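Visitor: Hi! Could you walk me through this structure in plain words?
Guide: Happy to, let's have it on screen.

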Amino acid sequence: MIFSFKKFFYATACSTLLAGSAFADAVTVVSWGGSYGKAQDAALFTDASRDSGIAINRESGASMSKVMLQVESGAVIWDLVVTGSGGAANAAKNGALEKIDFNVVDVSNFLDNTYTDYCIGSDVFATVGAWNTEKYGEPGTPGAPNSWADFWDVEKYPGTRSLRLNNVDGVLEPAVMAMGIPPEEVYDFLSSEGGIDKAIDKIRELKPHISVYWKSGAMQAQLMKDEEVDFITGWNGRFDNAKKDGAKVGYTFNQALRDYDCFAIPKGAPNKDLAMKFLGEVSKAKYQANLPFHITYGPTNKEAYEITTAPKELIEALPSHPKNFSKMLAVSLDWYANNREVALEKYMEFLSE
Amino acid sequence: MNEKLLKSAERKEQLLLTALTIPALISVTLIIVIPVGWLFSLSFLGKSGDFSLENYQKMIVYKSYFRVFKTTFNVSFLTTIFCILLGYPLAYFLSQVPKKLVGIFMITVLLPFWTSLLVRTYAWLVLLQKKGMINNFAIDMGIWETPIKLAHNLNGTLVGMIHIMLPFMVLPLYAAMQRIDRQTMQAASNLGASPIQAFWQIFVPLSLPGVAAGSLIVFILCLGFYVTPAVLGGGKVIMVSMQITAILEDQFNWGAASALGVVLLVTTFIFLLLASRFLKLDSIMFGKH
């Protein structure tokens, strides 16, 4: 039995060609798992693909570090990737993203600060404090939590807490506000001498009550569904969807952290031009207008608010609604650009204690 | 003349034998030497891409790295101890039951061994969590009133890891126990030893190579564990592999992650070296006598 390299080579080459041709014109779109990806499929991707005639491959598990790995190793397989605004800023700084062609992607109707030269906002979301409503009451009712100080108040709201694991995004701001510092001064405080340490000291106070740390949006929802924790930080849309699934969960936009998710194209994406076209398509108001039906994240395209058929209650429940907008603290990309590394190292240190 | 021929034949054979090891050498180089060497070289690259010790310096400056190693060794050690305590009686039982029945009992050891690690870990989460099956059952039966914290901590992690590691302890133990000559026990009784004396003075010492082999396998596999502590530890039990992932996923810092890998590799080697000084590793691992 002699193993034939020739045969092997031809077989491999043929199968690669076949696989290549099958997907040659399909844009690989990568999002996150759980209710977020499903909402994007239902509102954005399926319809935009049908209307534009651009075929897509949907994948899950988007992450900017995987994008950077692909770019660094010269083996880019993703075309359009969902990311947080901070992750996109960091990847762009490292030269891992393609510049957006604004002739193809129309952002003239976009909300302020929901796009950059390297990523186009897909939705506005909020990092909120969410709680078990059976234990602490429905949001807005007397006695229900209404601030980060309440999150830290284990006497008034006894029970278990959950914070983020291995990632410092949106972790320190709540602690600072819980210290009584007004939202508009949070980043000044964190930038001041010892600010990060003070915020972590505040989190340390809560440590005995933290029963588990969450790693993803899907896990936030699961922890509330399973009633594993009573009070948790997380992304508002995940909790609304958990509630739809029967979880007893509610949250407040008061002092929440306002941020946006966006689409980015990895440098050297195999179908870069087509991905840009598809990005232009999904950014249109007619698709974004459907997003609130599937997850309570606000469209970034202002026109979407005018043409959406979503009922008033749904629109008012979005983080981008003016009623909620003003209650929140906008996440500062600048602060993260300058301080993220140190803050993360210190937070990791706290986690290992 | 004959002698010359013989010699050249011998040389030919030697060359051929050496040549036969080449594929193995190549694959070892490709699969082990190059990647590990690459790991080492990456760990000495700083943020700027030049040679630097910053990745190792960071491990000294920030206590989190030391703590993570402490946790890793602590968890691995505890898992090994509990595996011995649970695995020894089980292996003893297996070595004593009639040969025909061993297969049936062995299945109970091997069945979980063949099930996906991820599935078993999540199964434990379903059992152990706050509103999980154990807590619900105990509260319904009135055994305890408020849910007990069984998962998302060190205990939950240990339960999961012991369950997963147990076969790795039982199999070498069983192999060692099977090799023990039954007649030595009979001889001991004949010389007046009670069954308990015979067990402790004859059986246990003869089974120790199995204990050592099982412990080494379990301990070293535990050092690299990721899924089980990540799921059942609730973010409170941070082991080295989890720290490596965190650094890669979140900071995209290959240098720092490689440095952690190097330190784990080196400490494991040192541990093996120490073990080989006190135990006869050859006889344990390869069954030589």
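Guide: One term to start: two residues are in contact if their C-beta atoms, placed from the backbone, lie within 7 Å. This is a predicted model, where local features need pLDDT of at least 70, side-chain atom pairs count only at pLDDT 80 or more, and totals for chains, interfaces and linings use all residues. Residues are numbered from 1 along each chain as its sequence is written, while chains are lettered from A and ligands numbered from 1 in the order in which they are written.

Visitor: Okay, which residues does A:Leu279 touch?
Guide: Not counting residues up to four places away in sequence, A:Leu279 touches A:Leu80, A:Val105, A:Ile120, A:Phe263 and A:Ile265.

Visitor: Why is helix H12 of chain A largely enclosed?
Guide: Helix H12 (residues 272–282) is largely enclosed by the rest of the structure because 8 of its 11 residues are buried. Buried means that 20 or more other C-beta atoms lie within 10 Å of a residue's own, with C-beta atoms placed from the backbone. A:Leu279 is among the buried ones, as are A:Phe278 and A:Val282. Helices here are DSSP runs (H or I, at least four residues), and strands are E runs of at least two, numbered from the N terminus.

Visitor: And which residues touch the most other members of the largest nonpolar core?
Guide: Those are A:Ala264, A:Leu279 and B:Met165, in a core of 148 residues. The largest share of this core, 14 residues, comes from H7(B). A nonpolar core is a set of buried Ala, Val, Leu, Ile, Met, Phe, Trp, Tyr and Cys residues joined through C-beta atoms within 7 Å.

Visitor: Tell me about H7(B), then. Where is its kink?
Guide: The kink, about 40 degrees, lies at B:Met165, shortly before the proline B:Pro167. That bend is the angle between axes fitted to the seven residues ending there and the seven starting there. H7(B) is also mostly covered, with 19 of its 26 residues buried.

Technical notes: Buried ≥ 20, exposed ≤ 12 C-beta atoms within 10 Å, placed from the backbone.
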